[in-house]
Amino acid sequence: MDVDAAFLVVGEFGRYQKRAVAVLVVTQVYMAFQSMLIVLVGSTPEFHIEQQNDAAAGHQELHQQVTFTEDMDSIVTEWFLVKQQAYKVSLAGSLFFAGLLVGNIFFGPLSDKIGRRPVYLTGLFFEVVFGYMTALAPNYEVFALSRLLVGLMNGGIGLVSFVLTQEYVGKSYWAMTGTLTSMTFAIGIALFGALGYFIRPWRSLATAANSLGVLFLLLSLTLPESPRWLFCQGQTERAEEVLRYMALRNGNSANHLVLQRVGTAKAANHGKRGTGVLQLVLHPVLRMRTMVLMYACSLVYYGLTLGASQTSGNRYVNVAMYGLVELPGYPLCIYFINKHWAGRRKSMAGFLCLAGTACLCTTFIPENTGTLLSVTSLALLGKLMVSAAFNIAYIYTSELYPTVIRNAGLGVCSMSSRVGGILAPFVPSMRALHTSMPFTVFCLSGLSAGCLGLLLPETLNRPLAETLEELDSMTRSRVLESKALLYEDNKWKSNHK
């Protein structure tokens with residue numbers, strides 16, 4: 001039997017898988033803490049300049065001139081990151097996302113080559129180490145370096161943990177586990193707002209946020225290797241051991257579970273063809289899918305999220321609201337992506353276009369109106385829509401790539417979306433050109449991404465490819481099916497003229 005048939009025997013989402021997935025899912029809270037850290041530790045309080053000398057005053061003179069009028073402890077107040085030094089706050093945020101980008105490039109193909117589990121555990125361990133480096137940083141340079149390294153690990157383990165939550169369960173539960181992962185990340189954003197409210201000193205906040213990773217690291221030590229990855233690497237005996245153990249813990253009998261054997265030469269060929277990022281460029285089907293998916297919605301998502309502290313109102317409440325507002329989007333996307341008339345493709349495109357439209361509407365609303373229809377409420381609506389689209393994009397992407405190259409595909413697509421994350425901290429500065437400019441950028445990004453998403457094939461209720469050969473076979477079948485439907489349609493029209 002193949003792996004999908006084996007999961008029907010083992011249990012597609014039994015007790016053991018629920019515990020394993022739960023460990024991976026709650027780790028998203030820690031990852032959300034690290035992603036949002038700069039929003040609060042980089043907050044800029046009210047201040048005034050005592051002496052307004054020339055604009056080229058040195059950093060030491062700036063210390064003597066600046067007086068902070070708001071009681072706050074952040075990297076801004078400790079290292080006087082205002083005026084000419086203010087860009088360093090946005091730079092630290094961008095370095096984190098630059099780390100995410102590199103982590104996606106490096107960890108995705110690496111986990112396809114040496115396994116999901118060792119890459120995940122190693123990345124989580126070093127993220128915790130570098131997280132404490134952030135809290136203990138003696139100066140801005142060390143702080144910025146630590147954010148780059150934390151982002152590097154965060155990007156890698158985020159990618160691998162998402163794939164593991166899907167490869168531990170049967171295909172029918174992929175959408176649910178993927179949605180739970182995104183939902184828990186949103187809850188993590190809200191919890192970080194609450195944590196920041198109760199822990200104000202930035203070093204204490206960074207320490208508390210990072211200490212959660214130690215607990216999750218200890219819990220993750222019990223996780224097994226992905227049976228799907230083992231099977232695709234030709235390690236069928238190890239895959240059978242993992243599946244039998246899952247069955248035993250689920251209370252099912254799988255003593256006679258035997259996976260179909262893949263010849264050594266064939267397995268090597270699969271590995272050779274499937275583990276390189278180069279295949280995403282050389283393979284015509286994968287090339288088109290990758291180009292479309294690389295133009296993702298993260299500029300809108302991270303732009304709205306990282307701008308939470310800059311909107312009017314309490315910064316801690318705003319951070320929590322920008323997390324909580326995502327939660328209604330997940331039941332919505334679960335409903336739509338499983339309907340035959342919507343599916344993955346139309347749902348993702350629709351939510352992206354709605355997010356872009358919400359951002360467009362903010363340009364026509366005066367700031368600080370105080371009414372229900374305000375810039376903040378429309379921005380929250382845009383965040384709701386783009387969160388649903390972002391969740392669908394992860395689920396959809398994992399279904400569009402064969403198992404042998406799934407992590408590499410997810411890695412490249414996540415890498416490109418991190419470019420949006422790198423740019424996002426600087427987008428609010430475009431207000432200097434015009435107050436509506438940031439939302440105009442988000443609007444164009446959302447609408448164009450939604451239109452491009454319609455070029456992808458639907459994956460709802462379609463078999464998933466394990467190898468590149470299966471992908472080629474499915475693509476040929478889909479082309480023949482489309483031609484047959486086109487022929488029947490033309491024949492019907494000619495008969496009714």
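A residue is called buried when its relative accessible area is under 20%, exposed when over 50%, and partly exposed in between (1.4 Å probe, protein chains only). The model is predicted, so local features need pLDDT of at least 70 and side-chain atom pairs count only at pLDDT 80 or more, while totals for chains, interfaces and linings use all residues. Residues are numbered from 1 along each chain as its sequence is written, and side-chain values use heavy atoms, leaving out hydrogens and water.

Select Phe-33 to begin. With 7% relative accessibility, Phe-33 counts as buried.

Rings of Phe, Tyr and Trp (its six-membered ring) pair if their centres lie within 6.5 Å; planes under 30 degrees apart are stacked, over 60 edge-to-face, the rest tilted. By this rule there are 17 aromatic pairs. One of them joins Phe-33 and Phe-192, which are tilted, with 5.7 Å centre to centre and 50° between the planes. Phe-33 belongs to helix H2 and Phe-192 to helix H8 (residues 174-198), 159 residues apart in the chain. Helices here are DSSP runs (H or I, at least four residues), numbered from the N terminus.

Keep Phe-192 and show its contacts (heavy atoms within 4.5 Å). Not counting residues up to four places away in sequence, Phe-192 touches residues including Met-36, Leu-205 and Val-319.

Now select Trp-79, Tyr-140, Phe-143 and Trp-202: ring pairs link these four into a cluster.

Finish at Tyr-197. Which residue lies over the face of Tyr-197? Arg-200 does, at 4.9 Å from the ring centre. A charge sits over a ring if NZ of Lys or CZ of Arg is within 6 Å of the ring centre and within 35 degrees of the ring normal.

Key: Helices (H or I, at least four residues) and strands (E, at least two) are DSSP runs, numbered from the N terminus.
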